Amino acid sequence: TPRATPLMIELVERAKDPNSNVRIVQGTTLENEMLSEQMLENARRTMNTRLGRREVMGELQLSNEKACWQPELLDKCRVSATGEFHPSKWSRAIIGVDPAGGSTSKDSDKTGIIAGVLTESGKVLIIRDKTNRMTGEQAVSTIAKLYYEIKNVCPIKVRCESNGVGQYFKSMILRDHPFIPVESFPSTTKKYARAVAAAHLYETG
């Protein structure tokens, strides 16, 4: 059964290159002539489930089955910036900031920075995701660039979670960009509960 280890992912990516020396040979449980008819019937019954696609069909699954956002869900929700989603139809925007400790080391948390807009039709679009490991100065620069990019399209403000370093981030933004409207807010629920609620909105369209 293929597992999404770093080595396996690298080999799959290399196999996409026709000039690579890596080739993928796939097979399924249904091709195993040594299995009894009962085992094959069990395999056929589960082959179209997530587990069956992996265990029976040999599909390499890169996503975490417990994750709130699956690749299929994100792909389903993608839209083009036309019609009701065109920037001329944006009514207001917000930059959400979830500050981390301000480190770029590979073991540090990432600072969450996303920009979302509300359309005139009442739809919410996530138009930018700049989440990354970055210093405080890099985060402030990223937030400012997003703000000035969108401010000429529709009203926009910044909302920063007031966790351990949230107030520090807010002070840094106002120090360097005093005309950017910044609000801080406390988180009243755990991250997972907030993520589940947001993922549900994606699922319901």
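## Strands β1 and β4

Strand β1 (residues 90-98) runs parallel to strand β4 (residues 156-161), and 5 bridges join the two. Strands here are DSSP runs of E with at least two residues, helices are runs of H or I with at least four, and both are numbered from the N terminus. Two strands count as paired if DSSP finds at least two bridges between them. G96 has R159 of β4 as its bridge partner, while I95 stands opposite V158 in that strand.

A quick word on the model: it's predicted, so local features need pLDDT of at least 70 and side-chain atom pairs count only at pLDDT 80 or more, while totals for chains, interfaces and linings use all residues. Residues are numbered from 1 along each chain as its sequence is written, and side-chain values use heavy atoms, with hydrogens and water left out.

## The rest of the sheet

β1 also goes with β2, this time antiparallel, through 8 bridges; W90, for one, has T119 in β2 as its bridge partner. Put together, you get an open sheet of 5 strands with mixed pairing, in the order β3-β2-β1-β4-β5. At the edges sit β3 (124-129) and β5 (182-185), each pairing on one side only. On average, neighbouring strands of this sheet are turned by 25 degrees against each other, direction ignored. Such angles are taken between N-to-C directions, from 0 to 180 degrees, with axes fitted to C-alpha atoms (for helices, over the stretch in contact).

## Helix α5 and T142

Helix α5 lies across β1, β2 (112-119), β3 and β4, at about 15 degrees to β2. T142 is found in this helix, which spans residues 136-150. Leaving aside neighbours within four places in sequence, T142 is in contact (heavy atoms within 4.5 Å) with I113, K130 and M134. A polar atom of the T142 side chain also lies 2.9 Å from the backbone oxygen of Q138.

Technical notes: A polar contact is a pair of N or O atoms within 3.5 Å; within protein, one must be able to donate a hydrogen and the other to accept it, and residues adjacent in sequence count only if both atoms are side-chain atoms.
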